[in-house]
Amino acid sequence: MRNICKLPVLIHLGHNNYEKYFMQSLKVRRLISDDFKNVWKSNYDFLVTPTTLSTAPLLSEFKSLDNRTQCATQDYCTQPANMTGCPAITIPVKLSSNKMPISIQIMASNFDDIRLLQFANWLEKKLQFPQDYL
């Protein structure tokens, strides 16, 4: 019975966190979405960005870092597309000096998925990434 009595207190604390963090994150997400909408209205068809801030880590490097650090490093550049919901694709463009892939991310406006895939396919053929690596 004692645990049941504490339940409303836990729900109340969770509600405060919801108000404080989740609602604020929705506001930030809306601002980012509005920025992207302004870009698409400015007659840009695609945004091209790095996929990550570095080349792909070696397995030993990857294992040495905690998940939070990995996400901060590896997912940094893809977060805007994830938060705005706009379609995005990553394609490899070349190999680094240590033979690790370097990729770009291409983003398009919402519901422009087919053109995004067509452009990524065209660009991938033009860049001629080494097929034996894939």
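1. Start with the aromatics: Phe46, Phe119 and Trp122 come together as one aromatic cluster. Keep in mind that this is a predicted model, where local features need pLDDT of at least 70, side-chain atom pairs count only at pLDDT 80 or more, and totals for chains, interfaces and linings use all residues. Residues are numbered from 1 along each chain as its sequence is written, and side-chain values use heavy atoms, with hydrogens and water left out.

2. The structure has three aromatic pairs (rings of Phe, Tyr and Trp, the last by its six-membered ring, with centres within 6.5 Å; planes under 30 degrees apart are stacked, over 60 edge-to-face, the rest tilted). Phe46 and Phe119 are a stacked pair, because their ring centres sit 4.5 Å apart with planes at 10 degrees. This pair ties together distant parts of the chain, 73 residues apart: Phe46 belongs to strand 1 (residues 46-50) and Phe119 to helix 5 (residues 113-127).

3. For the overall layout, expect five helices and three strands, in the order α-β-α-α-α-β-β-α along the sequence. Helices (H or I, at least four residues) and strands (E, at least two) are DSSP runs, numbered from the N terminus.

4. How buried are things? Of the chain's 134 residues, 22% are buried (under 20% relative accessible area; exposed is over 50%, partly exposed in between, with a 1.4 Å probe and protein chains only). Phe119 is partly exposed at 23%, while Cys77 is buried at 12% and Cys86 is buried at 7%.

5. Don't look for disulfides: a search of the whole structure finds zero (a disulfide being a pair of cysteine sulfur atoms within 2.5 Å).
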